[in-house]
There are 2 protein chains.
Amino acid sequence: MEKLFHPEKVAVIGVSPSPENLGRNIVWNLIRFGFQGEVICYGRRPGHIYGHRIHNELQHLPPDIDVAVILLPAPRVIEVVEVLSRRGTQRFIIETGGFSEHGEEGERMEKALRELAHKRKLRIVGPNCIGVTDRASGLVTSFMPLDPSKIHHGSVAVIAQSGGVGLSYVNLLCEEGLGISKFVSMGNKLILNEADFLHHLEKDPNTQMVLLYLEGISNGRAFYQALKGISKPVVVHKANVTEASAQIARFHTAAMATREEILTGAIVQAGKIRVVNNNQALAAVKALHLPPLKGNNLAIVSRSGGEAVLAADAAGNMGFQLPPYPQPFLDFVQSLFRAGVIRPTNPLDLGDLFDIVKYTEIIEEIVREEIFHGVVFLIQLFDREWELVEYIMKRTREICQTYQKPISLFLGGDLQKVMGAKALGIYPVFNSPHEAVEAMGFLLTPPRLPKTPWN
Amino acid sequence: MEKLFHPEKVAVIGVSPSPENLGRNIVWNLIRFGFQGEVICYGRRPGHIYGHRIHNELQHLPPDIDVAVILLPAPRVIEVVEVLSRRGTQRFIIETGGFSEHGEEGERMEKALRELAHKRKLRIVGPNCIGVTDRASGLVTSFMPLDPSKIHHGSVAVIAQSGGVGLSYVNLLCEEGLGISKFVSMGNKLILNEADFLHHLEKDPNTQMVLLYLEGISNGRAFYQALKGISKPVVVHKANVTEASAQIARFHTAAMATREEILTGAIVQAGKIRVVNNNQALAAVKALHLPPLKGNNLAIVSRSGGEAVLAADAAGNMGFQLPPYPQPFLDFVQSLFRAGVIRPTNPLDLGDLFDIVKYTEIIEEIVREEIFHGVVFLIQLFDREWELVEYIMKRTREICQTYQKPISLFLGGDLQKVMGAKALGIYPVFNSPHEAVEAMGFLLTPPRLPKTPWN
C-alpha cells in the first residue's frame with residue numbers, strides 16, 4: 001500500500017500526442033507536482049509528450065513498474081491489466097469510466113477485472129476515478145490538470161468516492177489554509193475501498209485527520225472496524241440519502257443505498273463524526289484542529305454586538321450554556337475600556353474598545369477561568385488593523401495550546417483580507433458567527449451537530 | 001427622507017485633529033466615497049482635518065445643514081440636537097452609543113431626545129449606529145474607515161439594526177458581485193425604523209430588493225403594513241430568537257423579544273422571505289435576481305457525478321421533483337457525446353463531455369422543455385477552461401431572460417477564480433450544489449426553505 005502512494009516507477013497507459021488526449025494531463029500533473037520517480041508513457045500512437053517517448057508495445061515497458069495508471073476505453077482495460085500484472089505490476093489506478101456504473105456490459109467487464117485482481121492479488125484504485133494526489137511524493141494522477149500552487153501541504157487526507165466532490169474538498173481545504181496530505185478518488189471501489197485507506201492512513205505520518213466523502217459503503221462491517229481502528233479523527237460526509245439521488249449515485253459510482261440511521265449510529269459508536277454537507281464538513285475539519293471541549297460552558301467575545309447576538313442564538317440552539325463572567329474578570333476588562341463602563345454580559349461586546357492587542361489579553365483571561373470550557377472569539381477588522389491579524393492568530397494559537405481549551409475564531413471584514421489571513425495557515429478561521437459556535441459541537445464527546453433534515 | 005440620503009450640506013459633529021478621534025473617519029469616508037455636497041466639521045478643539053477647518057461654535061455653523069452626523073459622548077448629544085434643530089436642521093444621524101442599550105441613565109437621555117424629536121418633527125437615524133452608506137450620493141457616515149474599491153454599486157439595499165452585521169452583509173454582497181444601493185445601520189431606532197426605510201425604498205430607483213437584518217421589531221403593525229406596501233422583494237433576517245441572545249440584544253441595540261412564529265407568519269403573509277442565518281440570506285438575495293419558479297420540477301445538469309448526487313439529495317429534501325428528460329432532448333445530448341452513450345438520468349451527468357460551450361446549448365434545450373420549471377447548473381472548471389467563464393455566465397443570463405425560467409449556477413474549482421467570476425457581476429453564483437438547489441425554494445410562491453431548528 002505504501003508503494004501505491006510512493007512508487008519509484010509509474011506507467012501512464014493511454015497517452016497520445018493529441019491535444020485532446022486526457023492521459024497527457026496525468027503526465028503533466030506528475031511533472032508539475034515534482035514527482036520524484038520515473039514516468040513511463042504508453043499509447044497506441046508513436047510520439048513524444050513532455051520529453052517522454054510514448055511506448056507502443058506493452059512488452060517493451062520495464063518489468064518493475066510499481067503503479068500503472070490506466071486511462072483507456074473500458075473494453076481495453078482488462079487486457080492491459082492482464083499483461084502488466086503478468087509482468088509483475090501489482091498496483092493499478094484505473095481511471096476509465098464505463099464499468100458497472102454504465103450498465104450490464106460494464107458490469108460484466110468489472111466482474112472479469114475483479115476475478116483477475118483476486119487471482120493475481122492486485123491492488124486497484126477505481127475504476128471510474130481520478131486516482132491519487134500525494135503531496136509528499138508528488139504522485140498526482142488526475143486526468144484534469146491541477147495547479148500545484150493551489151494545492152498545499154497539510155495534514156488532512158481526503159478520501160472521496162467522487163473525483164469532483166473530492167477535488168472540491170481539496171480546493172476548499174487549501175483555501176482555508178489547512179492543505180492536504182493526500183487525496184484519493186476511489187470511484188467504483190472495485191478492490192480498494194474506504195476501509196483499506198483508513199487502515200493505511202493510521203500509519204501515515206503526514207496525515208493527522210481524515211475527511212471521507214462516500215456515496216455508498218462497500219462493506220459495512222469492514223468500514224466499522226476500520227473506523228474503530230483508526231486513532232485519528234475522521235469526518236464522514238455520506239451523501240446519496242434520498243430516493244432522488246439513489247439512481248444517479250448508482251450510475252455515477254455504482255453506489256448502493258444504505259440504511260442511514262444504522263450508518264450514523266455506527267459512525268458515532270466508532271467515535272467519529274458524520275456530517276451532511278460540505279459546510280459542515282469544513283467546519284468539522286477546522287474545529288478538529290483545536291483541543292477538545294470538555295464541558296458545555298462557552299464564553300462569547302465579540303467586537304460587534306450584532307454578531308454577538310447571532311452567536312448567542314447559535315449557542316442557544318446548540319444547547320450550550322453562556323454562564324456570566326466572574327467579577328474579577330469583569331474588573332480586569334473594565335480597566336481596559338476608555339469610558340470605563342462595560343456591559344457585564346456573556347456574550348461580551350468589545351465595541352467600545354479599540355485596542356486589538358488587548359482583545360487577546362481578554363481572551364487569555366477568560367480561558368484561565370475554570371467555569372469556561374471554550375471561547376468563541378468574533379472579530380471584525382478595518383483598514384490598517386489587518387496588519388495585526390497575524391499577531392491575533394498566533395496569540396490565539398498559543399493560548400489555545402497553553403491552556404488546552406478550544407478558541408473558535410471568526411474574522412469579519414474585507415473578504416480578500418480574510419482569505420489572506422487564512423492562507424497564512426496559522427490558525428483555523430470560521431466563516432460566520434454561527435459557524436464558530438456550531439464548530440464547538442464537533443469538539444464534544446460525543447459530537448453534537450446543528451439539527452438539519454438529515455440528522 | 002430623500003434629503004437624508006442625498007443632502008447638500010452635511011455637518012460632522014465631534015471631530016478633532018487627534019489620530020484617535022473616530023469622527024475624523026466619518027469625514028475621511030465622505031471624501032473617499034466622493035460625496036458631492038459640502039462637509040462642515042465641528043469639534044471642541046480648534047484645528048483642521050483633511051483640509052477642513054474644525055468649527056468650535058455651533059452658532060458659527062451655517063443654518064441650512066441638511067444632515068448632522070453626531071459622534072459625541074451621550075450626555076452632550078441632546079444639547080447639540082437642540083441647538084441645531086432650532087437653527088433649522090431636521091435630519092440627524094446619531095452614532096453615539098450609551099443610550100437605552102446602556103442602562104437607566106441612557107434610557108432617560110433617549111426619552112428626552114425622543115420628546116425633542118417629536119416636538120420639532122426631526123428625523124433621526126440611531127442612536128448607537130454607523131448611519132448611512134449611499135453609493136449613489138457618496139454619503140458614507142461610518143466611523144470605521146470603509147474602502148470604496150470594495151463597496152460596489154448594486155441594486156440591493158441593506159437595512160440593519162447592527163452596524164457590524166450590516167457591514168458584514170455589505171462585504172458579502174459585494175464579494176458575490178451584487179453590490180449595494182444603500183446601507184443603513186439603524187441602531188436603537190429612536191425615531192426612524194425598518195417601516196420608514198421600507199416606505200422610502202419603494203420609491204428609490206437604485207434599489208431593486210431589500211435585505212433587512214433585525215434584532216427586534218419597533219412596531220409590529222407598521223412593519224407588516226410596510227412589508228405589504230413595498231412591491232420589491234424583501235429578505236428578512238431576524239435574529240435574537242433565543243433566551244441566550246435576548247439579554248445581549250437588549251444591551252446591544254435595545255431590541256425587545258418577539259413572538260417568532262407570529263413574525264414569520266406575518267412576513268410570509270406579506271409575500272416576503274424570512275431567513276435564519278447569513279448563508280440563507282445571501283442565497284435568497286442571489287436567487288431573487290432570477291425569474292420566479294412556477295412549479296416543482298427541476299432539471300439538474302452537472303459536470304461532476306458526485307455534485308449531481310449532492311444536488312439530488314438537496315432536491316429530495318426540499319421536496320422538488322426531478323422528472324425524467326424527454327427522449328428528443330436525450331437524443332440531442334447523445335449526439336454531442338464523444339462515446340455516443342449518455343446515462344439518461346435527471347440529474348444529467350456531463351462528465352464525458354469536454355466541450356464547455358456545448359453545456360450552455362444543453363441548458364437552453366432543457367429550458368425549452370415545458371416539463372421543467374427551473375434548472376440547476378453545476379459546473380467545475382479546470383485550468384484554461386476558466387477563460388470561458390464569462391461566456392458561460394452571459395449565455396446563462398440570456399437563456400434565463402429569454403425563457404423566464406430560473407437557472408441556478410454553481411461554479412466549482414479554484415476559489416480565487418470563482419471569486420473573480422463573481423466579481424464580473426454578470427450572473428449570481430451559488431457556493432455549493434446544495435445551495436444552488438435550496439436557492440430555488442426562494443423563487444416559489446410562497447417561498448420554501450430548507451428546514452433548520454429555527455423554522
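In the predicted model, helix α13(B) meets helix α14(B) through Ile356(B), Thr360(B), Ile363(B), Glu364(B) and Val367(B), which face Ile392(B), Arg395(B), Thr396(B), Ile399(B) and Tyr403(B) of α14(B). The residues in this contact comprise six nonpolar, two polar and two charged ones. Two packed helices are described by the angle between their axes and by the distance separating those axes. For α13(B), spanning residues 356-368, and α14(B), spanning residues 389-403, the angle is about 10° and the axes lie 10 Å apart. Because angles under 35 degrees count as roughly parallel, α13(B) is roughly parallel to α14(B).

Strand β16 of chain B, residues 374-380, is mostly covered, with seven of its seven residues buried. From β16(B), Gly374(B), Val376(B), Leu378(B) and Gln380(B) point one way, while Val375(B), Phe377(B) and Ile379(B) point the other way; residues of both sets are buried. Strands of a sheet pair through backbone hydrogen bonds, in either the parallel or the antiparallel sense. With strand β14 of chain B, residues 298-302, strand β16(B) forms a parallel pairing over five bridges. Within this pairing, Val375(B) of β16(B) is the bridge partner of Ala299(B). Strand β16(B) also runs parallel to strand β17 of chain B, residues 407-412, to which six bridges join it. Here Phe377(B) has Leu409(B) in β17(B) as its bridge partner.

Chain A is divided into domain 1 (1-127), domain 2 (150-289) and domain 3 (298-441). The centres of domain 1 and domain 2 of chain A, taken over C-alpha atoms, are separated by 25 Å. Their contact involves 15 residues of domain 1 of chain A and 13 residues of domain 2 of chain A. On the domain 1 side, the elements that contribute two or more residues are α4 (104-120) and β7 (123-125) of chain A. Helix α4(A) supplies the largest share of this side, four residues. By class, the domain 1 side of the contact consists of nine nonpolar, two polar and four charged residues.

An open sheet of seven strands is present in chain A, with mixed pairing and the strand order β3-β4-β2-β1-β5-β6-β7. Strands β3 (48-49) and β7 of chain A form its edges, each pairing on one side only.

Between the two chains, 60 residues of chain A are in contact with 59 residues of chain B. The elements of chain A that give two or more residues to the side touching chain B are α5 (163-175), α8 (243-253) and α11 (305-318). Eleven residues, the largest share of this side, come from α11(A). The side of chain A that touches chain B contains 21 nonpolar, 26 polar and 13 charged residues.

How values were computed. Residues are numbered from 1 along each chain as its sequence is written. Chains are lettered from A and ligands numbered from 1 in the order in which they are written. This is a predicted model: local features need pLDDT of at least 70, side-chain atom pairs count only at pLDDT 80 or more; totals for chains, interfaces and linings use all residues. Two residues are in contact if their C-beta atoms, placed from the backbone, lie within 7 Å. Ala, Val, Leu, Ile, Met, Phe, Trp, Tyr, Cys and Pro count as nonpolar, Asp, Glu, Lys and Arg as charged, and the others, Gly among them, as polar. Axes are lines fitted to C-alpha atoms, for helices over the stretch in contact, and angles run from 0 to 180 degrees between N-to-C directions. Angles under 35 degrees count as roughly parallel, over 145 as roughly antiparallel, 65 to 115 as roughly perpendicular and the rest as oblique. Domain bounds come from an automatic or database domain assignment. A residue is buried if 20 or more other C-beta atoms lie within 10 Å of its own, exposed if 12 or fewer, and partly exposed in between; C-beta atoms are placed from the backbone. Two strands pair if DSSP finds at least two bridges between them.
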